[in-house]
Amino acid sequence: MGRIVAIVLVVLVGIGAVGWYLQREPAQHSDAATMVQKPLPLPPSATQPIRRNEPQPDVTAPGIATPESLDGSDGAVRGSIHALAPTLVTWLTPEEQLRKWVALVDAVAEGKLPAKNLPLKYPMQGFSVVAQGDEDVSINPANFNRANLLIETITAIPPRKFADYYHAYSPLLERAYAELGRGGNFEARLTLAIQKVRDVKPLTADAKLARPKFYYTYADPALEQSSDVAKLLWRLGPANQQQLQSYLGELQPLL
């Protein structure tokens, strides 16, 4: 059950990030950006470690009521997410929550990100770059602070509490996966998805950008050919990427 808890958490983060990047800065083409000449100042919070909620007692929660079917389950899902992290509810999209989460997990297992039917949209400020000379362009470090609230909200969820809710919803999640007709089971896809996320290495600090068309791409072909999942984590910024991956590492003993 621990591996499932871990990747569902990753999905929450991924969905939020995908929601804003695919709406404003399509991942398959890299980010659409606004040129700036100097880096924007980093807020004080960017240099401070993200603080998690105080440890919670490792006690199994009482029975969690779940809907009987996928159809009409959105109200119950919203209530459950509110119990886990109230802030997340404000970013949820209206319909088919469970089916959207499952589709996202399936895509992440392939190293991809869906371009539509997202269960959560996170509001973002515009993306900016730093121009050094006529040709050298790099990512503005200030971009990496845009996802701080999302990452902090997710990693503050007590793992045991998250596990209790996943366990209650597991039959419905497996049913939603069966609807995709891909064979196998949801747990296997979750296992593969979490490995995809944890395997992403940090982005080189001086990674340069190119702009062959409207969208920015990585100047290094090896970076540009990386998976959508890798590019997503890089856009979160090194501190947020580390925070997320460290949190997943803490969940690994639950396996």
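Biologist: Which helices are included in what covers the buried residues of α2?

Modeller: This is a predicted model, in which local features need pLDDT of at least 70, side-chain atom pairs count only at pLDDT 80 or more, and totals for chains, interfaces and linings use all residues. Residues are numbered from 1 along each chain as its sequence is written, and side-chain values use heavy atoms, with hydrogens and water left out. Helices (H or I, at least four residues) and strands (E, at least two) are DSSP runs, numbered from the N terminus. The cover over the buried residues of α2 includes α3 (86-89), α4 (97-109) and α6.

Biologist: Which residues of helix α2 are buried?

Modeller: Buried means under 20% relative accessible area, exposed over 50%, and partly exposed in between (1.4 Å probe, protein chains only). In α2 (residues 74-84), the buried residues are Asp-74, Val-77, Ser-80, Ile-81 and Leu-84.

Biologist: Why are they on the same side of α2?

Modeller: The arc is taken from the directions from the helix axis to the C-beta atoms. These residues lie on the same side of α2 because they cover an arc of only 120°.

Biologist: Is Asn-140 buried or exposed?

Modeller: Asn-140 is in the loop between β3 (136-139) and α5 (148-155). Because its relative accessibility is 0%, Asn-140 counts as buried.

Biologist: With which side chain does the side chain of Asn-140 make a polar contact?

Modeller: A polar contact is a pair of N or O atoms within 3.5 Å; within protein, one must be able to donate a hydrogen and the other to accept it, and residues adjacent in sequence count only if both atoms are side-chain atoms. At 3.1 Å, the partner of Asn-140 is the side chain of Ser-128.

Note on methods
Contact means heavy atoms within 4.5 Å.
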